[in-house]
Amino acid sequence: MTEFVSEVKQIPYSDERVFNMLSDLSNLEKIKDRIPQDKIKEFSFDTDTCSVSVDPVGTITFQIVERDPFKTIKFTTTNSPVPLHLWIQLKQVEENDTRMKITVRADISPFLKPMVSKPLQDGINKMATLLASLPY
């Protein structure tokens, strides 16, 4: 497994507030308009799953497999060309100051690793930036 870790982002809200929003994927309705339509298509979600179609990869479905209140939300892919595990980690350092980090572990073959590492790392950092900018 290859591990990718986002930059640590500061969110000006409590860990409880951030966790409650991110742990219910139906809240993605609030940010649908922020998702770049040229990169992501066929975006659908419910409380526990989120599916997106990304060119040239195809459809990827993430499912929440574990929630550790106010600390961690773990996802796995149920439909993906590459098996992925993703988790969002939260740590409140002060009142209304939560730090967030995204970690992805992917089962990438040594042949594909040089081609997908940079785009995957960039995507994780962009995702972290987007999540940190949300109005919780």
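Colleague: How many aromatic pairs does the count come to by the rule you use?

Modeller: Three aromatic pairs. The rule pairs rings of Phe, Tyr and Trp (its six-membered ring) if their centres lie within 6.5 Å; planes under 30 degrees apart are stacked, over 60 edge-to-face, the rest tilted. One of them is Phe19 with Phe70, an edge-to-face pair at 5.7 Å centre to centre and 80° between the planes. Keep in mind that this is a predicted model: local features need pLDDT of at least 70, side-chain atom pairs count only at pLDDT 80 or more, and totals for chains, interfaces and linings use all residues. Residues are numbered from 1 along each chain as its sequence is written, and side-chain values use heavy atoms, leaving out hydrogens and water.

Colleague: Which parts of the chain does the pair of Phe19 and Phe70 link?

Modeller: Distant ones, 51 residues apart: Phe19 sits in helix H1 (residues 15-22), Phe70 in the loop between strand S5 (58-68) and strand S6 (72-79). Helices (H or I, at least four residues) and strands (E, at least two) are DSSP runs, numbered from the N terminus.

Colleague: Is Phe19 buried or exposed?

Modeller: Buried means under 20% relative accessible area, exposed over 50%, partly exposed in between (1.4 Å probe, protein chains only). Phe19 is at 5%, so it counts as buried, while Phe70, at 32%, counts as partly exposed.

Colleague: Why is the pair of Phe43 and Phe45 called tilted?

Modeller: Because the planes are at 55°, with the ring centres 5.2 Å apart. Phe43 is partly exposed at 22%, and Phe45 is partly exposed at 21%.
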